[in-house]
Amino acid sequence: MRARSPRDAVVVGGGIAGLAAAWDLRSRDVLVLEASDRVGGRIRSEARDPYWLNVGAHVFSGPGSATGRLADEVGVRLEPVPGKLVALELGGTILLGGRPELYPFRLPLKTSERLALVHAGARLRLAARRYEKLATSRPGESPAETRARVLSYGDDRTFAEWLGALPGDADALFRATVTRSTAEPEEISFGHGAGYFALVWSAGKGLSHNILGGASLLVDGIASALPGGVETGAEVRRVSRADDLLRVSYTREGAEREVLARHVVVATKAFDAARIVEDLPGETRTALDGIPYGPTVVMGMLTGERGPMPWDDLYALATPKRSFSMLFNMANVLRPKTRERRDGGSLMVYRSGHAAHDLLERSDAEIERAFVDDLEAIYPETRGIVCETLLLRLPRMLPYVAPGRAALQPALERSLGNVHLAGDYIGGVYTETAISTGQQAAAAIVASLNGPTSQARSEA
Ligand SMILES: Cc1cc2nc3c(=O)[nH]c(=O)nc-3n(C[C@H](O)[C@H](O)[C@H](O)COP(=O)(O)OP(=O)(O)OC[C@H]3O[C@@H](n4cnc5c(N)ncnc54)[C@H](O)[C@@H]3O)c2cc1C
């Protein structure tokens, strides 16, 4: 039997980084290998008409971003989140609107906590503004240059060191936002922590758009439009050099398989990339192994209410002292669209950081009970209306930016010849970083395939 000619590219990992790369390579001979039985990785929604259950990424960058371009090309609609993004619940008080800097005066706090919150809040506003300025790409700058500048900001200390010790509930309030990163204020760099507040406070910029119909529409749309599709259940064990080519060894349906490729995009988490790629430069392997990941326990919920609910106008609610730390109303984007409010809805809650480690010790039933009990304590209207749940335990969910992270960046961005790294861990903006690094990998491959050497080879 004649051996198949080498692929132009093999993409390892069918998350959004790998799919973004494959999308830009779709006119080439490209194969996507995905270990699990579905595409999307940490993007996951399940349709429940007219709603969708969500247990993965849900807010995305809008028009003008790498995500915006991809969504446009795939034909998926990005809609600005209409509801409140900075709502807060503490001790039964829910703050749904108004200026966040005035929240300290509206919460049930001790005087010392209130003063600490006002003071720290004012410092943080300046830091968040600085982060935003640094994160704005400059004319002629490459995405890699923007990433390097952002990662350098506040890289010399932790967020906790910058903030100083705060009393009781003042600490809990900051912690709830910072742990969305999956790390504690004592672990994350000051700059990355400030970035989280910039994200939350600058509604309309950054990650502020929903995908109408659920985020999986984007990944499923890409996968179904790829001429070669995606091989799921294909776990890559090794990427090794074979003369000028790369050999990708994987298992599928219990059998060992191999494919040769001119280029490989490795779009897995950092520690998986370090494990499967042979002959990485030492500094790159060390950098990949040096990216920390924190845990999350997330639960999507479908609700069966028969009329308007107090959370209809809300998108995100921070709940610092509950079993979950964030509550999201996934149906919010639909509310202004429909003249009549359709029955039912969709919510998502999660807990990240150290408290998620404690949750991971408990059974699914215990976690679900704790989440539903707290939901009912915040909104008694939810009693008896949660009709479906989907719980995920993610012990190594999100890469976070720890002090010293900027020093790893050159080893992650450097050329590795025909191996290309892509994924959210290469920068600090999650799906936007994943997509832009996937697109960057594809552009490098297209340039190489179109380059003088390959042209000479095809003419020979
Ligand atoms: C609950 C939750 C909420 C989130 N919210 C947001 C949000 O609102 N906005 C935002 O921007 N981000 C958010 N994120 C983060 C976002 O989901 C990720 O940053 C992004 O999806 C990462 O994409 P990726 O392609 O880099 O990695 P992944 O999605 O992890 O994809 C990697 C893929 O590689 C596959 N793989 C691994 N090893 C192998 C192997 N050996 N062979 C073959 N395949 C392999 C994996 O199965 C996976 O499918 C959230 C994540 C979660 C879980």
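In which helix is Ala176 found? I found Ala176 in helix α7.

**Entry 1: ground rules.** This is a predicted model, in which local features need pLDDT of at least 70 and side-chain atom pairs count only at pLDDT 80 or more, while totals for chains, interfaces and linings use all residues. Residues are numbered from 1 along each chain as its sequence is written. I take helices (H or I, at least four residues) and strands (E, at least two) as DSSP runs, numbered from the N terminus.

Entry 2: I looked up burial for Ala176: it counts as buried because it has 22 C-beta neighbours inside 10 Å. The cut-offs are 20 or more other C-beta atoms within 10 Å for buried, 12 or fewer for exposed, and partly exposed in between, with C-beta atoms placed from the backbone. Leaving aside neighbours within four places in sequence, I list Ala318, Pro320 and Ser325 as contacts of Ala176. Contact requires C-beta atoms, placed from the backbone, to lie within 7 Å. From Ala176 to Arg44 I noted 132 residues in sequence and 23 Å in space, C-alpha to C-alpha.

Ala273 lies in helix α10 (residues 270-276). Its 26 C-beta neighbours inside 10 Å make Ala273 buried. Not counting residues up to four places away in sequence, Ala273 touches Val266, Thr268, Leu288 and Leu421.

**Entry 3: helix α4.** I checked the length of α4 (residues 111-135): its 25 residues should span 36 Å at 1.5 Å a residue, and its end C-alpha atoms are 35 Å apart, which agrees. The expected span is 1.5 Å times one less than the number of residues. The buried residues of α4 are Glu113, Ala116, Leu117, Leu124, Ala127, Ala128, Tyr131 and Ala135. The cover over these residues includes α3 (103-106), α5 (143-152), α7 (168-178) and α8 (190-201).

**Entry 4: α2 against α15.** I looked at helix α2 (residues 66-74) and helix α15 (residues 430-449), whose axes come within 8 Å and cross at roughly 70 degrees. That makes α2 roughly perpendicular to α15. Axes are lines fitted to C-alpha atoms, for helices over the stretch in contact, and angles run from 0 to 180 degrees between N-to-C directions. Angles under 35 degrees count as roughly parallel, over 145 as roughly antiparallel, 65 to 115 as roughly perpendicular and the rest as oblique. On the α2 side I list Ala66, Thr67 and Leu70, and on the α15 side Thr431, Glu432, Ile435, Ser436 and Gln439.

α15 has 20 residues and reaches 29 Å from its first C-alpha to its last, close to the 28 Å expected at 1.5 Å a residue.

**Entry 5: the seven-stranded sheet.** I traced an open sheet of seven strands in the order β7-β6-β14-β15-β16-β13-β17, with mixed pairing. Its edge strands, β7 (93-95) and β17 (386-399), each pair on one side only. Two strands pair if DSSP finds at least two bridges between them.

Strand β14 (residues 316-318) pairs with β15 in the antiparallel sense over three bridges, and Ala318 stands opposite Met326 in β15. Four bridges join β15 to β16, which run antiparallel; the partner of Leu327 in β16 is Val349. In a regular strand the side chains alternate between the two faces of the sheet. I checked both faces of β15 (residues 326-329) and found them covered: Met326 and Phe328 on one side and Leu327 and Asn329 on the other are all buried.

Helix α13 (residues 364-378) lies across β6, β13 (293-303), β16 (345-352) and β17, running at about 110 degrees to β17.

Entry 6: Strand β10 (residues 234-242) is joined to strand β11 (residues 245-252) by eight bridges, and the two run antiparallel. Val239 stands opposite Val248 in β11. Two residues lie between the strands of this hairpin, where I noted a positive phi near 55 degrees at Asp243.

Asp49 and Pro50 are joined by a cis peptide bond with omega about 0 degrees. Pro50 is in the loop between β3 (45-48) and β4 (51-54).

Thr182 has a positive phi near 80 degrees and sits in the loop between α7 and α8. Asp279 has a positive phi of about 55 degrees and sits in the loop between α10 and α11 (282-289).

Terms used
Two residues are in contact if their C-beta atoms, placed from the backbone, lie within 7 Å.
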